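Please open the structure in your viewer and display it as a cartoon.

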Amino acid sequence: MSRIGNSPVKIPEGVTVEVKDSMVTVKGKLGELTQEFSGIDIKVEDGSVVLERPSDDNNHKSKHGLYRALINNMVAGVTEGWTKELELVGVGYRASNQGQKLDLALGFSHNIVLDIAPEVKIETISEKGKNPIVKLTSHDKQLVGQVAAKIRSFRKPEPYKGKGVKFVGEQLRRKAGKSA
């Protein structure tokens, strides 16, 4: 069984954590994040956030670890930020951005234009001889993951040649093709 909920979340310098009613607010140099919670007691003491559950009920146990992990991700996000990189593998696959609009050429008859949330910074890297890379950065881990998953869903990597949109460093399960 996981004991992650028992360990306190350390608050680094320049970060403030407020608990009001059923909301936790974390402010830092990169931004501000809020999270709603229920069924768990959250206290800020001695430069750390401590979570306590009222009973050993399964519902309270699961929320204990969940909220601890969410608060830890919020603290890490407002101090360092989160980054996801996507690689476009395929002949003629291109990516470019104008401000918060991402333009993807993924082998369809038309380009895909996606409006990215203003909290997410987007950067496209195209070097000759290498696959184009889309780099997403934000202080909100959930938002970065959601945007990255949306981009990946346009053309998931296929198992034979590996063409498609994949995360940098992602290991794909490859299949053998037809044998002669």
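The stops below pass through hairpins, a helix and a sheet. The model is predicted, with local features requiring pLDDT of at least 70, side-chain atom pairs counting only at pLDDT 80 or more, and totals for chains, interfaces and linings using all residues. Residues are numbered from 1 along each chain as its sequence is written, and side-chain values use heavy atoms, with hydrogens and water left out.

Helices (H or I, at least four residues) and strands (E, at least two) are DSSP runs numbered from the N terminus; two strands pair if DSSP finds at least two bridges between them.

Select residues 16-20 and 23-28, which are strand 2 and strand 3: they pair in the antiparallel sense over 5 bridges. Thr-16 has Lys-27 of strand 3 as its bridge partner. In this hairpin, with 2 residues between the strands, Asp-21 has a positive phi near 50°.

Move to residues 58-79, helix 1. Its 22 residues reach 32 Å from first C-alpha to last, close to the 32 Å expected at 1.5 Å a residue (1.5 Å times one less than the number of residues). Gly-81, which follows helix 1, has a positive phi near 90°.

Finally, select the open sheet of 3 strands, in the order 8-9-10 with antiparallel pairing. Strand 8 (94-98) and strand 10 (112-115) are its edge strands, each pairing on one side only. Strand 9 (residues 101-105) pairs with strand 10 over 4 bridges, and Leu-104 has Ile-112 as its bridge partner in strand 10.
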